[in-house]
Amino acid sequence: MKRKTFINAFLLLLVVAFMAYLESPYSFINKNYAYSTDEPVITQPVTARPSEDTPETIEKLEKRKKEDGYIVETYQEYEVYRDKNGKITKEVPTGEEDTLRYWDYKHNKK
């Protein structure tokens, strides 16, 4: 009986060690994805700043109403142009709208 327990424990240890090997970056499964410290990392330098003419998109709350126990909020998307100091110079609506509808817990307790 003691010998059977020893063999089971040894097999369990062997399976756990094999699983740990497969999870390591040195296993044959991960050899294409693992990097060591002697290999250089390939990166692209960031030299160009984004243009000031490129718009940033933001969403603004246009209207909020309550209907059938829900609060319905409508957001309008805008293209925002900024100057060098970060001040908004122009806002242009894109025509995209998002609507959020969620249950009003404050006034509709059941």
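The model is predicted, so local features need pLDDT of at least 70 and side-chain atom pairs count only at pLDDT 80 or more, while totals for chains, interfaces and linings use all residues. Residues are numbered from 1 along each chain as its sequence is written, and side-chain values use heavy atoms, with hydrogens and water left out.

Keep Gln 76 selected. Gln 76 counts as buried because its relative accessibility is 9%, where buried means under 20% relative accessible area with a 1.4 Å probe, protein chains only. Its side chain reaches the backbone oxygen of Glu 96 at 3.5 Å. Next, display the residues that Gln 76 touches, among them Ile 58, Glu 62, Pro 93 and Thr 94, not counting residues up to four places away in sequence; contact means heavy atoms within 4.5 Å.

Now select residues 70-82, which form strand 2 and are joined to strand 1 by 11 bridges in an antiparallel arrangement. Strands are DSSP runs (E, at least two residues) and helices likewise (H or I, at least four), numbered from the N terminus.

Finally, show the whole chain, which follows the pattern α-β-β-β along the sequence. Of its 110 residues, 11% are buried.

Methods. Pairing = 2+ DSSP bridges. Buried < 20%, exposed > 50% of the residue type's maximum accessible area, 1.4 Å probe, protein only. Polar contact = N/O pair within 3.5 Å; in protein donor to acceptor, adjacent residues only side chain to side chain.
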